[in-house]
Amino acid sequence: MKRLVVVLLAALFIPFSSASTHVNPDYTGEILNLITEELLNGYIQTLQDFGPRVTGQQACFDAGTYLYNEFQSYGYEVRFINWSSGNYADRNVEAVLPGATNESVIICAHFDSVPTSPGADDNGSGTAAVLAAARALSEYKDEISLEYTIRFVTFSGEEEGLLGSYQYVSAAKESDMNIVAVLNADMIGYTHTEEGRENVVVYRRDNSDWIANMAATVSAEYSLGLTVQEYSAGASSDHWPFLQYGYDAVFFHEYEFNEYYHSEGDTIDHMDLEYDMRVTRLVVGTLIKIAEVEITDTEPPEVSIEKPGNYLYIADREIAPMKNTVIIGKITLQVQAHDTLSGIARVELYVDDEQKAELTHEPYEWVWDEPSFFMHTVTAVARDNTGNIAEDAITAMIFNL
Ligand SMILES: [Zn+2]
């Protein structure tokens, strides 16, 4: 039995017209466009206004609460992670966007500052990048397919010796958290020359070189105007504990070091928000590239009804070849469906216009055993995991009391 496999136009198939057949486009560009100077300005100004966010003190505590509430308002599951080390105690804040696996990609930054500084660039800028990533991704979480779980993590205790991040990494190691990549952002919003505006530093080690390379690709692909300068990573920020524990981590940093570093002058008016926006887009674009499965399946699946064929069937048994399909009694409908790229999501079976079965696993079978007479159309609709659909249909003469 051979029949043509009919590729279906969604518009012609009324019960499914609401289900799109479009293929996942590349949403990364759209997500990055949600990251604007205005958005970052709001985050950094808010963080600066807490005053110096010194670990263990009220302003740092309040900033942590602010971060928690922001993440939560975007619909994420959020948690405080309390830590203590020596004379210090504070909390990290983590929000999670689940992917297909619990292997994780981490975007992180410290939100504490030194006592003398409002900490706009160090590190309101990195913290704003983590918030912006969380917010932009939350608006596309139904459209994108994430292979990896994304963890948005903000640390305190950085200025006292990477205390919050050390605590986080040792707990991650203890719980066997599978971390694919770590993107740390610290001081990403300052320039003072044209050269500064055209470059960004990515500190990496041999094991994390691939992340730096990916960032360079992202810069070119999304026209961010940033040349990635790769330097060997040292212990200067929160990527370091991750490297120490063997994880693939990088640290994004401005190309021209902020002259107001750790001073009262580290304020938003001394930053270059246009540059800050481009570096933030670079970090977030790299994050998405790592975490997202690029599904490029534009091919419809293959589907065919294997049984019934052109036979006489009695009580589900094949009796004799016929010019048409004739069924007496019940019949088991058997369907073959394949999709090599994204896989079969489900097969739906219809008798005339009525859906009888929805099958998500092989074998795609259903016993048609209900009072039926004369001619009926049996249709199998297969749908792949990117929404492409195809159908096969037969007509059968049936007599079933
Ligand atoms: Zn810093």
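A salt bridge, as I use the term today, is a side-chain nitrogen of Lys or Arg within 4 Å of a carboxyl oxygen of Asp or Glu, and in this structure Arg 79, Glu 94 and Arg 151 are linked in a network of such bridges. Please keep in mind that this is a predicted model, in which local features need pLDDT of at least 70 and side-chain atom pairs count only at pLDDT 80 or more, whereas totals for chains, interfaces and linings use all residues. Residues are numbered from 1 along each chain as its sequence is written, and side-chain values use heavy atoms, with hydrogens and water left out.

Across the whole structure a search finds twelve salt bridges, and I will take two of them in turn.

In the pair of Glu 221 and Lys 289, the closest N and O atoms are 3.5 Å apart. This pair links distant parts of the chain, since Glu 221 sits in helix H7 (residues 209–221) and Lys 289 in helix H9 (residues 273–291), 68 residues apart; helices here are DSSP runs of H or I with at least four residues, numbered from the N terminus.

Helix H9 also holds Glu 274 and Arg 278, four residues apart, about one turn of the helix, and their side chains meet in a salt bridge at 3.0 Å, N to O. Arg 278 counts as buried at 11% relative accessibility, while Glu 274, at 32%, counts as partly exposed, where buried means under 20% relative accessible area, exposed over 50%, and partly exposed in between, with a 1.4 Å probe and protein chains only.

Finally, buried residues make up 55% of the 401 residues in the protein chain.

Terms used: Helix = DSSP H or I, 4+ residues; strand = E, 2+ residues; numbered from the N terminus.
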